[in-house]
Amino acid sequence: MTVGLFIPCYVDQFYPGAAIATLELLEKLGVNVVYPENQTCCGQPMANSGFEHLADGCNKLFLKNFAGFDYVVAPSGSCVLHIREHLHSDDKPNLATELSQKVYELSEFLTDVLKITSLPSKFPHKVGMHQSCHGQRGLHLSQMTELVAPDFSKPGRLLQMVEGIEIIPLSRKDECCGFGGTFCVTEEAVSVKMGKDRIEDHLQHDAEYITGVDMSCLMHMEGILKRQGSKVKVLHLAEILNGK
Amino acid sequence: MQAETKDHAELAAIFNKDEARVDWHDETLWWVRQKRDKAVHVLPEWETLRETASQIKNNVLSNLSEYLQQFEANAQANGIIIHWAADAAAHNAIVLELLLAKGIRKLVKSKSMLTEECHLNEHLESNGIEVIDSDLGERIVQLAKEPPSHIVLPCIHKKKEEIGDLFHTHLGTPKGNADPQFLTETARQHLREIFLTRRAALTGVNFAVAQTGEFVVCTNEGNADMGAHLADIHIASMGIEKIIPERKHLGVFLRLLTRSATGQPITTYSSHFAKPRQGKEIHIIIVDNGRTIQLGREDFRNSLKCIRCGACMNTCPVYRRSGGHSYHTAIAGPIGSILAPNLDMEKYADLPFASTLCGSCTNVCPVKIDIHQQLYKWRQVIVKNGYAPAAKKAAMQLMSHTLSSPAAYHTAGKAGRWALKYIPFAVNNKFNTWYRQRDMPEPPKQSFGEWYHKNRKKK
Ligand code: SF4
C-alpha cells in the first residue's frame, strides 16, 4: 500500500512539526508514504469564501499529484472534507470522484483503514480534545451531541492508546471554536469571542494541552492563548500519537 | 453591499462590545439548546421522526399547488374565506381592507413571523389601525419599538431589568421592579383588557391540513385562542409552505416542533381551527412573497421545509454571540440567512457568510434542512452575481494564482512564509484583523516541504 501524504498549505508553512509527526507516525505503522513535492492547497480558502470557481488550479494540481496512490492521507479534517465534497474536474470527472473517496483524515485512516489497536506513545499530561466541526460533523469522526445515536470518537479512541494521557471532560463537548476559514477575519468579533469561550472550557477543566485533528482551529486558539499569556499549548493529534 | 445598512460583522462587533452581555445571551440560548437535547434524547425514534417529517415536506414541496388547491376547496367548504397574496404588499392590503370594511381600528395579533416579514404592523399603524401583539415576548419588543430578535423567543435579547423598565414606562409598574412573575401578571391583566375590547384578531398558521381545510396554531400562552375566540373576524396569515397533506401528519410535526424549539414535549396550546362559529368570520391569507422563487432554486428549495422551531438559532454559535438583530432581517440565524438572500440578494449578501459552516444547525433541524450546505451554496451564488466586496475579490484572485502554481507558492513561501501574509488573513487586505486580538503563529525556520526535501528526498 502506498499512501500519498497531503500536507495543507498552512500546515506546510506554519506547522511543519504536525506534518513531520504525521509522516513519522505512518511510517512507524509500516506504511509506505510518499510526499509529492509540487503540492500546494486543497482550494478550500477560495471555495468557502464563495470563489469555488477560482479553485480550479488547485483541483488540477491535486489530481496531478495524488491520482496514482492507493490512499491519500492528510492531517486536517477540514481540507479532507473539502476534497471529499468538492474536488472536481471537467476533463476527468470520474477520476476526480474516485480520488475524492480515497482521501482520508489521519485519525480515520488509522482507525478505519489500518485498524490499529495500540500505539507506542506516552504523553503524561492533561489534554483537552477539540472536536473540529468539519472533521466531526462533516467526516463523522465522532458522534455529535445534536443527534440521537450511540457515542463514539475516532480521535478519542486513538488518544486512549497513549500511555499516561488524561483526557479532560468539556462542558460543551462539540462547540465550534470560531475559526471558520476566512470567517476568522471577516467576522473578527464573533470569531474571537467563540475562540475565547472554547479555550475557557478547556482551561476550566485544567487542560495543559489542547489537541485536535485540525491545525487551523488549533492555530486560532493558540493565537488567543498566546495573547492571553497562557501556558497552555496546542498540539496536533499526530504529535501526541507520535510520542511528540 | 449597501453602504447604508451595517452588515452582520459590523453589527455583531457592536453587540460584542459588551462581553458580559454576550456571555449572558450565549448561556441563555445554550440552556434552551440543552433542554432540547434532553427532550430528544429520551426518544429513540427521534431520527426516524426527523426523516419522516422531511419526507412529508418533500412530498408537499413537490405537489404544492395541488395541496394548496385542495386546502382552499376544503376550507371554503368549511365556511372559511380564502385570499391569495403574491407578496407582502398584497398581504398587508388585504388585512387593511378586511378591517376597514368592518370599521375596525384595533387589531390584536398573536405571534406570526410572516407578518414580521411583511412589515404588517407598520403598514396598519400608518393607516390608523392600532396593533397589539399579544404574545408576551412580542408585546415586549413592540413596547420597545424593536423587531423580534428570535422567531420563537422574540425578546430573548432583553434582560428582565430592561423589561421592568419598559413596563414601568408603558404599563405603570413600580420603578425598579423586575420580578418576572409580577411582570407577567401585569402583562396578562393588560392584555386581558385588550382581548375583551377588540373585534378583530390575527394569528399565524403553524400547519394547514390539505385533507380537511383546517389549520393549527401553536402557542404556549394561549393568546391565539384568547384573541380568535372573542373576535368577530379572525384573520390567519400563512405562507404557502405551511401545508401538510393529512391530519395524521400533525402527530409527526407536533412532536418535533416544540421539542426542537424549547425542549417541551408539546406546545401548551395546539389549537385547531376548522370553521367559523355562527356570526363570525375566518379569513385565511395564503402568501407567496418570494417562496415560489425559492422553490424554483433547486439548491435552496429545501429551505421551504422549515417549520420555524428556532432550534438552528439556539444551537448556532454565531447567532448566540451576535444576537438576532445583527442579521438585519425578520428571520435571523442560520435559516434566515438562507431565506433572506432570496428576497434581496444585494441587501443580504453578507448573511450566508455569517457562519463558520460548523453544521450544528443541520443536525438539530427537525425537518433535516441541509442548512450549512445551503449557506455554502449561497456564497457561490452571491459571488457569481457580483456581490462580493472588491478587495476580497482581488485577494482571492491573487491567492488562487499563487496556489495554482507550486513554483509561485514555494517562492512566496520562502519569501517570508507566504501564508503568514495570505492565508487566510488577507481577504480584506487588512493584515491586522487577525492580529488585533490574536497572536500570529510563529513562522518556523523551514516549511515541511523544505524539511522533506532535505531529510527524505536525499536519502
Ligand atoms: S431551519 Fe430547521 S431548525 Fe431552523 S427554524 Fe426551521 S425547522 Fe427549525
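Across the interface of domain 1 and domain 2 of chain A, the rule finds 1 salt bridge. A salt bridge here is a side-chain nitrogen of Lys or Arg within 4 Å of a carboxyl oxygen of Asp or Glu. Asp112(A) pairs with Lys154(A), with the closest N and O atoms 2.7 Å apart. The structure is a predicted model, in which local features need pLDDT of at least 70, side-chain atom pairs count only at pLDDT 80 or more, and totals for chains, interfaces and linings use all residues. Residues are numbered from 1 along each chain as its sequence is written, chains are lettered from A and ligands numbered from 1 in the order in which they are written, and side-chain values use heavy atoms, with hydrogens and water left out.

Domain 1 of chain A spans residues 2-113, and domain 2 of chain A spans 126-241. These bounds come from an automatic or database domain assignment. The centres of the two domains, taken over C-alpha atoms, are separated by 22 Å. Contact (heavy atoms within 4.5 Å) joins 27 residues of domain 1 of chain A to 21 residues of domain 2 of chain A. The two domains of chain A bury about 1,900 Å² between them, and carbon and sulfur atoms account for 67% of it. Buried area is the accessible area (1.4 Å probe) that two parts lose on being put together, summed over both. Tyr15(A), Leu81(A) and Thr111(A) supply 26% of the area that domain 1 of chain A buries against domain 2 of chain A, more than any other three residues.

Polar contacts were also counted between these domains. There are 9 such residue pairs, both residues at pLDDT 80 or more. A polar contact is a pair of N or O atoms within 3.5 Å; within protein, one must be able to donate a hydrogen and the other to accept it, and residues adjacent in sequence count only if both atoms are side-chain atoms. Five elements of chain A give two or more residues to the domain 1 side: helices H1 (9-14), H2 (16-28), H3 (44-47), H5 (77-86) and H7 (106-113). Helix H7(A) gives the most, with 6 residues. Helices (H or I, at least four residues) and strands (E, at least two) are DSSP runs, numbered from the N terminus. By class, the domain 1 side has 13 nonpolar, 10 polar and 4 charged residues. Ala, Val, Leu, Ile, Met, Phe, Trp, Tyr, Cys and Pro count as nonpolar, Asp, Glu, Lys and Arg as charged, and the others, Gly among them, as polar.

The contact between the chains takes 84 residues from chain B and 75 from chain A. The chains bury about 7,000 Å² between them, 59% of it from carbon and sulfur atoms. The rule finds 11 salt bridges across this interface. In one, Arg436(B) meets Glu188(A) at 2.6 Å, N to O. Helix H2 (residues 19-41) of chain B gives the most to the chain B side, with 11 residues. That side has 38 nonpolar, 24 polar and 22 charged residues. Glu175(A) also forms a salt bridge with Arg320(B), at 2.8 Å between the closest N and O atoms. This pair crosses from the loop between strand E6 (166-167) and helix H10 (183-186) of chain A to helix H15 (residues 317-322) of chain B.

Chain B is divided into domain 1 (43-289) and domain 2 (390-456). Their centres, over C-alpha atoms, are 52 Å apart. Around the ligand lie 14 residues (a heavy atom within 4 Å). Cys306(B), Cys309(B), Gly310(B), Cys312(B) and Cys365(B) come nearest. The shell has 12 nonpolar, 1 polar and 1 charged residues.
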